[in-house]
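Please open the model in your viewer and keep the sequence panel beside it. The tour below moves from the whole chain to selected sites, saying at each stop what to select and what is there.

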Amino acid sequence: MQTRITVDAREIDRFAPHTHPLWWGVLGAVAIEAAVVATLLTSYFYLAAQNPEWPPRGVAPPDLFWPTVVLVLLPMSSFTMWWAGRGSDRGDKRQLSIGVTTSVLLALLALAARSVQIAEFDASWNNHAYGSILWVITGFHYTHVVSAVCGTAVVSVLAWRGYFTPERQLGVVVDTVYWYFVAGVFLPIYLVLYVAPRLL
């Protein structure tokens, strides 16, 4: 026996960001990706517990300088996203445009710092478990930042074209939520990949 469920979407307000299905969809996506990050970090400690030396003998932990630069840049980009959102709430299109564009530029700087850091890794991805998990977690977050930059670049173009209004800002709201996640999730990654090897 089959049950058919019909949903009439005509009554859904597309200009109500915090009740729109896309809002809940982004929250669901963030929850799923947070679970993946938690699983990867747990795997890191599991592999560390299985190996007598972590990182392996002869492999230096990643340098702290570039990850620390990223740790500063990403929260700065979150602040400018928040500032942009405040402008959007007031109908200040110039503040919205400047804030979102600045966030994209800060994230691009963070990606450049990450690229330099990755090039300096003392471990190849296919030599041992340490190198593999280091590259997987780093690559996963790098991809997150790239996707956030791409999405926010589109929001930036639309903002400069005057598309968003206080009533029509769903794109800004959901993009900001994802941006906060991408920036915030770097903190546990920083602690695990770059600080923990120096303490354990």
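Predicted model: local features only at pLDDT ≥ 70, side-chain atom pairs only at ≥ 80, totals over all residues.

Throughout this tour, contact means heavy atoms within 4.5 Å. Residues are numbered from 1 along each chain as its sequence is written, and side-chain values use heavy atoms, with hydrogens and water left out.

**The whole chain**

Begin with the protein chain in cartoon view, where six helices and zero strands are found, in the order α-α-α-α-α-α along the sequence. Helices here are DSSP runs of H or I with at least four residues, strands are runs of E with at least two, and both are numbered from the N terminus. The C-alpha trace spans about 60 × 55 × 25 Å along its principal axes. Of contacts between residues at least 6 apart in sequence, 79% join residues at least 24 apart.

Buried residues account for 42% of the 200 residues; buried means under 20% relative accessible area, exposed means over 50%, and partly exposed lies in between (1.4 Å probe, protein chains only).

**Annotated spans**

Select residues 22-198, which an unreviewed UniProt entry annotates as "domain: Heme-copper oxidase subunit III family profile". UniProt positions are given in the numbering used here, feature names are shortened, and annotations may be inferred rather than shown by experiment. Over residues 22-198 the chain is 80% helix and 0% strand, with 42 Å between the end C-alpha atoms.

The unreviewed UniProt entry also lists "transmembrane region" for residues 21-44, 64-84, 96-113, 133-160 and 172-196. Colour two of these spans for a closer look. Residues 21-44 are 100% helix and 0% strand, and their end C-alpha atoms are 35 Å apart, while residues 64-84 are 95% helix and 0% strand, with end C-alpha atoms 31 Å apart.

**The nonpolar core**

Which of its 53 residues touch the most other members? They are Tyr44 and Ile137. The elements giving two or more residues to this core are helix 1 (21-50), helix 2 (65-90), helix 3 (93-119), helix 4 (129-160), helix 5 (170-184) and helix 6 (186-199). Helix 5 provides the largest share of this core, ten residues.

**From Tyr44 to Tyr130**

Centre the view on Tyr44, which, leaving out residues up to four places away in sequence, touches Trp54, Tyr130, Ile133, Ile137, Val192, Leu193 and Pro197. From there, move to Tyr130 in helix 4, which counts as buried because its relative accessibility is 1%. With residues up to four places away again left out, Tyr130 touches Tyr44, Trp54, Pro55, Pro56, Val59, Pro61, Pro62 and Ala123.

Then select Trp54 and Pro55, which a cis peptide bond joins, with omega about 0°. Pro55 lies in the loop between helix 1 and helix 2.

Finish at Trp66 in helix 2, which counts as partly exposed because its relative accessibility is 26%. Setting aside neighbours within four places in sequence, Trp66 is in contact with Ala113, Val116, Gln117 and Glu120. The C-alpha atoms of Trp66 and Ile118 are 9.3 Å apart in space, with the two residues 52 apart in sequence.

How values were computed: Core = buried A, V, L, I, M, F, W, Y, C linked by side-chain atoms within 4.5 Å.
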